[in-house]
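Subject: The structure I promised you

Hi there,

Here is the structure we talked about, so please open it before you read on.

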Amino acid sequence: MKIIVIGAGPSGLMCSYKLREKGFDVLLLEKNEKVAKKVYITGKGRCNITNNCSKEDFFSNVVNNPKFLFSAYNNFTSQDTMEFFESRGVKLIVERGNRVYPASYNPHDIVSCLYNACKESGVDIKLNEPVLSINKKDNYFVVVTKKNTYDADKVVIATGGKSYAHTGSTGDGYKFAQHFGHTIIEPVPALITLRIKEEIPANLYRFTFKNVSLRVITDDFKKEEFGEITFYKEGVAGATALTLSSMINRIDPNKVNIEIDFKPALDVKKLDARVIREIQSKENKTVKEVVHKLLPKEIVDWFLIISKINGDLETSTLSKEVRESIVNNLKAFKLTYIGLDDIDRAVVTSGGVSTKEVNPNTLESKLVSGLYFSGEVLDVDCFTGGYNLQTALCTGALISKKLA
Ligand SMILES: Cc1cc2nc3c(=O)[nH]c(=O)nc-3n(C[C@H](O)[C@H](O)[C@H](O)COP(=O)(O)OP(=O)(O)OC[C@H]3O[C@@H](n4cnc5c(N)ncnc54)[C@H](O)[C@@H]3O)c2cc1C
C-alpha cells in the first residue's frame, strides 16, 4: 500500500516513520528545502519537545478538544516521546514545569533524529515539492506537486497551521481539507502578544517583570495567570500573556479588560500598610519616590501617567484618595486591550480541520476514506510547555496504529 504524507514537520516525520515501520510504502512531500523548519525556532531556539507530565496534566493543557486527543496521547505519551529520542541517542533534560529539551539545547538534534529515523527506515522524502492539489479518483488519490503527479492509496495531511508562514505553514492543509468538504474552524492566533491601546515607552521594550499576575476579565469569566510579563512595542507578552491569549482569541476585544497585579503576594490591606510606611518614611518626599520603592524604576513614570497620579505630589500632604489610587493601581493596573497580534506571529494556530469530522481513534476523515490529518492542521491547540509538539508527534504516531 502506498501512502503519501504531506508536510515534513514533526507530525509528518513521525507519521511517516511509524507508517514505514509497519511496512508501508511511504512518500513524504515537503515544500521547503529542508524538513521541520519551524522546530528550529521552538522553545526560544532551544526546542521544548514535550512535557514530562502525567496524562491528566497533558489533557489539562490542551485548550481546544482535549477529548479528541485521548487515543493519540494514550498511544504515544510524553514518556514515549522521551523514550523515542533517548533511545536514538538524543540526551534530554527536564526543566522547570517539567519542560523537556534536548540537553544540547539544539533543535537540530531533534530534527535530525526524526529525519534519520525516516531515512533509515526507508521513507522516500522529497524536498522542494509543494503539494498543489489532492483529488480522489475511485479508490486512489492523485497528488499534484509543482514538479510531479503521484498516486497513492492513502493521504495524510500534516501541513501545520498558519503561523510563522516563512517556515512553510501557510494554511495549505485547510484548502485541501475544504476541497474534500471538511469544515474549517476559523484559524485564529493563540499563544501570542496582547495588543494594547496605550503607547508603551521605548525603555520598556523587552522589559520582563517577574512574579506579577496578569488578569483578563470578560463578560463570562475572569482568569488570572501568575508569572512573567514582557512589554514589547506591540503590547504585553511573556508566559502569562501567551496563556491568556489562548482563552480570549475568539472574544470581541471590546469585551475584554486586562489588568496587571504588580503585587500579587500582598492583599489590598497589606499593600496599603506598606504604602503608608513608604509615605511616612522621611526618605520619600514625593509620590514618585514612594512608587520607586514599590516598582522597578523603568516603569515608574509610565505607571504614574497611566494611573493618572501626579508623581510630584508631596507625601507630607497626601490625601487618602491618592494613597488608595496608588494601591488600587498597583493591584489592578488597567490597560486597554485592542486585540491579539497578527496570526503570523502566533506560536500556535487555534482552529483548523474540525475534529467532529475526523475519527479520533484513527485520525481518518469521516467524509473521505483514506484521507487522514495529523498535527497542527487539526483544531487542537495547547498551552506552552511542550504540549504542542507532543500533540504533533502523538497524532502523527497514531495513524499507523490501526492500518494493516
Ligand atoms: C516561535 C514558536 C515557538 C514554538 N515553541 C514550541 C515549543 O517550544 N514547544 C512546543 O511544544 N511547541 C512549540 N511551538 C509549536 C510547534 O512548533 C508546532 O505546534 C508544531 O511544529 C506543529 O507541527 P506540525 O508538524 O503539525 O506542523 P509544522 O511544524 O508547521 O510543519 C508543517 C510542514 O508542512 C509543510 N507544508 C505545508 N504546506 C505544504 C504543502 N502544500 N506541500 C508540502 N509541504 C507543505 C511545511 O513546510 C512544514 O514543513 C512553537 C511554535 C512557534 C512558531
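Below is what I found, going from the whole chain down to single residues.

Keep in mind that this is a predicted model.

**The whole chain**

The protein chain has twelve helices and 22 strands. Its C-alpha atoms fill a box of roughly 85 × 40 × 35 Å along the principal axes. Of the 404 residues, 45% are buried. If you take contacts between residues at least 6 apart in sequence, 72% of them join residues at least 24 apart.

**A sheet to look for**

Strands of a sheet pair through backbone hydrogen bonds, and the pairing can be parallel or antiparallel. Here, five strands make an open sheet with parallel pairing, in the order β7-β2-β1-β11-β21. At the edges sit β7 (124-126) and β21 (371-373), each of which pairs on one side only. On average, neighbouring strands of this sheet are turned by 20° against each other, ignoring direction.

Strand β11 (residues 154-157) runs parallel to β21, and three bridges join the two.

**Around the ligand**

Which residues come closest to the ligand? They are G7, G9, G160, G168 and G375, out of 37 residues that surround the ligand. The top contributor is α12, with four residues. By type, the shell splits into 15 nonpolar, 16 polar and six charged residues.

Most residues other than glycine have a negative phi. N128 is not a glycine, yet has a positive phi of about 55°. You'll find N128 in the loop between β7 and β8 (131-137). D138 is not a glycine either, and its phi is also positive, near 50°. D138 lies in the loop between β8 and β9 (140-145).

Are these two buried or exposed? N128 counts as partly exposed because it has 13 C-beta neighbours inside 10 Å, and a residue needs 12 or fewer to be called exposed. D138 has 4 other C-beta atoms within 10 Å, so D138 is exposed.

Have a look around, and send me your questions!

Cheers

Conventions: Residues numbered from 1 in each chain as written. Predicted model: local features only at pLDDT ≥ 70, side-chain atom pairs only at ≥ 80, totals over all residues. Pairing = 2+ DSSP bridges. Axes fitted to C-alpha atoms, helices over the stretch in contact; angles between N-to-C directions. Buried ≥ 20, exposed ≤ 12 C-beta atoms within 10 Å, placed from the backbone. Contact = placed C-beta atoms within 7 Å. Near = placed C-beta within 6 Å. Nonpolar A, V, L, I, M, F, W, Y, C, P; charged D, E, K, R; others polar.
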